[in-house]
Amino acid sequence: VEFPEMDGSTVRIGIIKARWHESDIDSLVAGVKESLKECGVPEDNIQLQEVPGSFELPLATRYLALSGAVDAIIPIGVLIKGETTHYEVISETVTSSLMSIGMQTGIPVIFGLLTCLTDEQVKARSTGANNHGLQWGKAAVEMALLRQSAVGGKKKFFMGFRSEEHTSE
């Protein structure tokens, strides 16, 4: 995927990472942060949180989306197919839930879930030039800028939540 040059200096990005497959996820987070830096997103505008596993990503993503603290969210998890239906249940549920959160809240949610068949596939997608985090960070900036252009550059009353500048004293 090719991305245009972007000015992310006003963008606020939330990253929520699962603790399962920690070294792979940490590599993906590093890729995200590298691309955010390349787009000019200030480090203070990056909020990093963690949850136990991929199943918990949607609820944490919803909480962060409803907080109004970020312009886009990248939930990051890794699922590897095993011998049971656990993989299918979790991957389908998390995927559907993350899409639903973005649609319901208007906050872009980037699909940062690797769903792989083997550890080797995870490594191939979480390291080096093919680190998917590099693309996820740029996708988050692009979508955050799109959101800002749609709702205005200033914080507004959005999805039932008020920003600080709209609260009564």
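Student: What should I know before I start?

Tutor: The model is predicted, so local features need pLDDT of at least 70 and side-chain atom pairs pLDDT 80 or more, while totals for chains, interfaces and linings use all residues. Residues are numbered from 1 along each chain as its sequence is written, and side-chain values use heavy atoms, leaving out hydrogens and water.

Student: Is strand S1 buried or exposed?

Tutor: Strands (E, at least two residues) and helices (H or I, at least four) are DSSP runs numbered from the N terminus. Buried means under 20% relative accessible area, exposed over 50%, partly exposed in between (1.4 Å probe, protein chains only). In S1 (residues 13-18), 6 of the 6 residues are buried, so the strand is largely enclosed by the rest of the structure. Ile13, Ile15 and Lys17 point one way, Gly14, Ile16 and Ala18 the other.

Student: Which strands pair with S1?

Tutor: Two strands pair if DSSP finds at least two bridges between them. S1 runs parallel to S2 (residues 46-51) over 6 bridges, and parallel to S3 (residues 72-80) with 5 bridges. Look at Ile16: its bridge partner in S2 is Gln49, and in S3 Ile16 stands opposite Pro75.

Student: Where is Gly128?

Tutor: Gly128 sits in the loop between helix H4 (119-126) and helix H5 (132-151). Gly128 counts as exposed because its relative accessibility is 57%. Its C-alpha atom is 10.0 Å from that of Leu28, 100 residues apart along the chain.
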